[in-house]
Amino acid sequence: MEIHLANLRYVYDLHEFYVDDRKIQVRPQSASLLLLFLKAPYYTVSKEEIISSLWRQGDSNAGDRVRRALSDLRAFFRENSVNLSIESSGNVHSLAVIKR
């Protein structure tokens with residue numbers, strides 16, 4: 001099974017990401033966050049969903065960790081020419097396709 005969004009493809013059986021058929025390396029935390037987005041309805045997740053998926057509840061630094069994880073994923077998109085962005089509105093974050 002595969003997930004395709006814009007020029008990004010994830011192959012479940014291989015646990016690998018591809019951009020324009022080029023295999024790319026994704027850091028574990030960014031991969032987990034990206035998969036959370038890809039599996040979510042409308043590619044949208046809340047801050048609370050991110051925290052509960054990546055860290056334990058009650059972590060006093062969770063808000064900072066979410067901001068850092070989103071920032072790292074945005075940088076990953078730029079560095080690898082992935083045609084996606086992350087749009088944020090309050091505590092809700094969504095993947096959006098960039099038209100080039």
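Predicted model: local features only at pLDDT ≥ 70, side-chain atom pairs only at ≥ 80, totals over all residues.
Strands of a sheet pair through backbone hydrogen bonds, and the pairing can be parallel or antiparallel. Here, four strands build an open sheet, arranged in the order β1-β2-β3-β4, with antiparallel pairing. The edges are taken by β1 (residues 2–5) and β4 (residues 22–24); each has a single partner strand, so one side of each is left without a neighbour in the sheet. On average, neighbouring strands of this sheet are turned by 25° against each other, with direction ignored. Looking at one pair in detail, β1 and β2 (residues 8–11) run antiparallel and are joined by four bridges. Within this pair, His4 is found opposite Arg9 of β2.

Attention now turns to helix α3. This helix covers residues 62–79, which makes 18 residues. From its first C-alpha to its last, α3 reaches 25 Å, close to the 26 Å expected at 1.5 Å a residue. An α-helix has 3.6 residues a turn, so residues three or four places apart point the same way. The buried residues of α3 are Ala62, Gly63, Val66, Ala69, Leu70, Asp72, Leu73, Ala75, Phe76 and Phe77. After α3 comes Ser81, a residue with a positive phi, near 55°.

How do two of these helices meet? Two packed helices are described by the angle between their axes and the distance between the axes. For α1 and α3, the angle is about 90° and the axes lie 10 Å apart. Angles of 65 to 115 degrees count as roughly perpendicular, and α1 and α3 are therefore roughly perpendicular to each other. On the α1 side, the contact is made by Gln29, Ser30, Leu33, Leu34 and Phe37. On the α3 side, Arg65, Ala69, Leu70, Asp72, Leu73, Phe76 and Phe77 take part. Sorted by class, this contact of α1 with α3 holds eight nonpolar, two polar and two charged residues.

Is Ser46 buried or exposed? Buried means under 20% relative accessible area, and Ser46, at 17% relative accessibility, therefore counts as buried. Leaving aside residues up to four places away in sequence, Ser46 touches Asn91 and Val92.

How values were computed: Residues numbered from 1 in each chain as written. Heavy atoms only, no water. Pairing = 2+ DSSP bridges. Helix = DSSP H or I, 4+ residues; strand = E, 2+ residues; numbered from the N terminus. Axes fitted to C-alpha atoms, helices over the stretch in contact; angles between N-to-C directions. Expected span 1.5 Å × (residues − 1). Buried < 20%, exposed > 50% of the residue type's maximum accessible area, 1.4 Å probe, protein only. Contact = heavy atoms within 4.5 Å. Parallel < 35°, antiparallel > 145°, perpendicular 65-115°, else oblique. Nonpolar A, V, L, I, M, F, W, Y, C, P; charged D, E, K, R; others polar.
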